[in-house]
Amino acid sequence: QVQLVESGGGSVQAGGSLRLSCATSKYTYSRSCMGWFRQAPGKEREGVAGIYTGLYTGGSSTYYGDSVKGRFTVSQDNSKNTVYLQMNSLIPEDTARYYCAADPILPCRYSSIPSFSDWGQGTQVTVSS
């Protein structure tokens, strides 16, 4: 069973920053496409960002949804088997529950939610105006 553990959510004022973390096993971290998704109440889940570490096959990659380009950055820490989502210039529209997910099938299909078979429990991000 793939385990994905998110942390780092919280409440922040508009313009502020938060960093989310997603820890997983070395196996999943090195072989899977890792995605960040979010879902606000009454809205569909959407893809925010993604990263493939490239440790197993080479050829790392990243992905950003249009709504977060230039504000969010996804990164990795190979020593901790953890991927991060640095969120800057937060706006109230970023308020949602954020999920980390893994897709073991290459090539990465970051914008395809059904491709991601394993999901974390999510962490809440609230941005006030």
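Mentor: What follows is a short chat about ring pairs and charges over rings.
Mentor: This is a predicted model, where local features need pLDDT of at least 70, side-chain atom pairs count only at pLDDT 80 or more, and totals for chains, interfaces and linings use all residues. Residues are numbered from 1 along each chain as its sequence is written, and side-chain values use heavy atoms, with hydrogens and water left out.

Trainee: How many aromatic pairs does the structure hold?
Mentor: It holds 4. Rings of Phe, Tyr and Trp (its six-membered ring) pair if their centres lie within 6.5 Å; planes under 30 degrees apart are stacked, over 60 edge-to-face, the rest tilted.

Trainee: Why is the pair of phenylalanine 37 and tryptophan 119 called tilted?
Mentor: Their planes are at 50°, so the pair is tilted, with the centres 4.9 Å apart.

Trainee: Is phenylalanine 37 buried or exposed?
Mentor: Phenylalanine 37 is buried, at 1% relative accessible area. Tryptophan 119 is partly exposed at 26%. Buried means under 20%, exposed over 50%, partly exposed in between, with a 1.4 Å probe and protein chains only.

Trainee: And what about tyrosine 99 and tryptophan 119?
Mentor: Their planes are at 75° and their centres 6.4 Å apart, so that pair is edge-to-face. Tyrosine 99 is buried, at 14%.

Trainee: Which residues do ring pairs link into a cluster?
Mentor: Phe37, Tyr99, Phe116 and Trp119.

Trainee: New topic. Which charged end sits over the ring of tryptophan 119?
Mentor: That of arginine 45, 4.7 Å from the ring centre. The rule is NZ of Lys or CZ of Arg within 6 Å of the ring centre and within 35 degrees of the ring normal. Arginine 31 also lies over the face of tyrosine 56, at 3.8 Å from the ring centre.
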